[in-house]
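Trainee: I would like to go through the salt bridges of this chain. Please show me the model.

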Amino acid sequence: MLSHLIIGASGLYLGDMLFIAISFIILMAVIAKVAWNPITKMMGDRADKIANDIDSAQKSRQEASDLADQRREALSHSRQEASDIVSDAKQSGEQQRATIVSDAQNEAAQYKQNARKDIEQERQDALKNVQSDVADISVQIASKIIKKQLDPEGQQALINSYIEGLGKHES
C-alpha cells in the first residue's frame, strides 16, 4: 500500500522516492569515500598555489618597487655627480682663464717695460750722438771762423758746406 501512494500530482511513488534517496545517499558515500579526498586535496593545492602566486606577485612588486627606488636614487646621485663635475670644470676653466690673463698681462707689462728701457737707451744714444755732432760742428765752425774773416757771401758758403758735411756725416 505504501508503494502505491502518490505524492503530489506528478505521479511519483513513495517507493521510487525512497529508492532515489537511498541511491543518492549511497552515491554520496561512494563519492565521499573515493573522490572527496582527491577533490579537497586538489582544491587545497589550488588554494595554496593561488596564495603562493599572490605572495610571489606581492614580493615581486615590492622588489620592483625597491629596484625602482634604487634606480631613482642612483640616477639622482649620478645627476648630482654630473653637476659637480660640470661645476668643477667651470671653476677649473675660470682659474685657467684667470691664470692665462694674468700671465698675459704680466708679459705685456714686461714688454712695455723693456720697450721703455730700449726707447730710453736709444734716446740717450741719440742725445750723445747729437751732442757729439754739435760739438764737432762747433769745433769745425770755430776753426774756419778763426782761419778767415767771413763776409756775408763767405758766411753763406760756410753754412752750405757745413749742411753738405752734415748730410755726408749722417750717411
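Predicted model: local features only at pLDDT ≥ 70, side-chain atom pairs only at ≥ 80, totals over all residues.

Trainee: Which residue meets Arg-72 in a salt bridge through its side chain?

Mentor: Residues are numbered from 1 along each chain as its sequence is written, and side-chain values use heavy atoms, leaving out hydrogens and water. A salt bridge requires a side-chain nitrogen of Lys or Arg within 4 Å of a carboxyl oxygen of Asp or Glu. At 2.6 Å, N to O, the partner of Arg-72 is Asp-69.

Trainee: About how many helical turns separate Arg-72 and Asp-69?

Mentor: Helices are DSSP runs of H or I with at least four residues, strands runs of E with at least two, numbered from the N terminus. Arg-72 and Asp-69 are three residues apart in helix H1, so the separation is about one helical turn.

Trainee: Is Arg-72 buried or exposed?

Mentor: Buried means under 20% relative accessible area, exposed over 50%, and partly exposed in between (1.4 Å probe, protein chains only). Asp-69 is partly exposed at 37%. Arg-72 has a relative accessible area of 52%, so Arg-72 is exposed.

Trainee: What is the N to O distance in the salt bridge of Asp-53 and Lys-49?

Mentor: Asp-53 and Lys-49 lie four residues apart in helix H1. Asp-53 is partly exposed at 40%, and Lys-49 is partly exposed at 48%. Their side chains meet with an N to O distance of 3.1 Å.
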